Amino acid sequence: AMGRMGGRERGYPSDADVLFVHDPVPGADPRVAQQFAVAVASQLRQLLGSVGPEPPQSVDADLRPEGRNGPLARSFDAYAEYYRRWSLSWEAQALLRARGVAGSVKLIADFIALADDVRYPATADPNGLREIRRIKARVENERLPQGADPARHLKLGPGSISDVEWLVQLLQLQHARAVPALRTTSTWGALRAAVDAGLIAPDAAEKLAASGHLASRLRSANPLLSGQTSDVLPADRARLDGIGRILEYPPHSATQVEEDYLGATRRARRVFEKLFYG
């Protein structure tokens with residue numbers, strides 16, 4: 001599991017981010033094993049995405065090496081070669097949330113050991129950290145939907161989920177080798193570990209946590225209210241009031257919901273800019 005699934009932080013709108021890893025049995029033809037693994041992974045994605053009595057589950061494998069251009073499944077040896085020779089800074093960042101969820105216990109343990117070497121480097125690469133900061137700035141400029149109000153975007157807006165996750169992950173890349181408690185796939189567990197290690201002030205962490213938790217709850221409330229996923233805090237007062245009721249606000253709390261979110265994200269964004277960009 002990768003992403004929010006790897007961190008055990010999924011909400012109703014979340015995809016299942018995964019990597020498919022296989023290990024051919026001794027004597028097997030590697031090409032046949034690769035074809036078989038891709039077929040199994042493809043069928044699994046198709047079955048989970050099919051319409052049935054339960055809502056379909058989108059399985060996203062785009063965090064694999066080379067993204068959509070890479071094979072859907074790889075052997076353990078192929079992953080090892082790739083990460084040791086060609087992995088990029090964003091791939092080390094993505095592996096911070098890698099967690100085994102199904103399959104061979106031994107293969108999972110081997111892959112996690114491989115991931116540890118990549119995501120918890122002995123010395124943080126300054127160029128890699130600069131690249132992560134550059135990518136974050138580009139994401140803010142390019143990935144927001146056209147016409148969307150950035151202040152109302154629950155995932156990519158200033159001070160929202162993305163800011164909290166990226167800041168915590170930067171701290172992990174910098175310090176997890178020296179601070180074992182940072183070696184967790186949980187955003188909130190890593191944030192607490194950063195406070196305990198003196199890497200971030202408690203009041204700053206509280207502002208990040210308040211914004212991240214509220215944004216996540218609002219993002220899950222959207223489909224509960226309307227049946228449709230949306231990463232944008234609605235401006236419609238009736239919808240805002242409905243979301244507020246799901247979050248246990250009193251009736252007619254649309255304005256309070258909006259003020260709570262915009263205030264929390266403003267405070268979190270100030271912390272993020274100071275600690276992430278410096």
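Colleague: What is Ser-160 in contact with, leaving aside neighbours within four places in sequence?
Modeller: His-153, Leu-154, Lys-155, Ser-211, Tyr-261 and Thr-265. Contact means heavy atoms within 4.5 Å. This is a predicted model: local features need pLDDT of at least 70, side-chain atom pairs count only at pLDDT 80 or more, and totals for chains, interfaces and linings use all residues. Residues are numbered from 1 along each chain as its sequence is written, and side-chain values use heavy atoms, with hydrogens and water left out.

Colleague: Is Ser-160 buried or exposed?
Modeller: Ser-160 counts as buried because its relative accessibility is 0%. Buried means under 20% relative accessible area, exposed over 50%, partly exposed in between (1.4 Å probe, protein chains only).

Colleague: Where is Ser-160 found?
Modeller: In the loop between α6 (126–142) and α7 (161–175). Helices are DSSP runs (H or I, at least four residues), strands too (E, at least two), numbered from the N terminus.

Colleague: Switching to α2. Which of its residues are buried?
Modeller: Ala-33, Ala-37 and Ala-41. They fall within an arc of 65° seen down the axis of α2, so they line one face of the helix. The arc is that of the directions from the helix axis to the C-beta atoms.

Colleague: What do they pack against?
Modeller: β2 (20–22) and β4 (73–75).

Colleague: And which residues are exposed on the other side of α2?
Modeller: Arg-31, Gln-35, Phe-36, Gln-46 and Leu-47.

Colleague: What caps the N-terminal end of α2?
Modeller: Asp-29. One of its side-chain oxygens lies 2.9 Å from the backbone nitrogen of Arg-31.

Conventions. A polar contact is a pair of N or O atoms within 3.5 Å; within protein, one must be able to donate a hydrogen and the other to accept it, and residues adjacent in sequence count only if both atoms are side-chain atoms.
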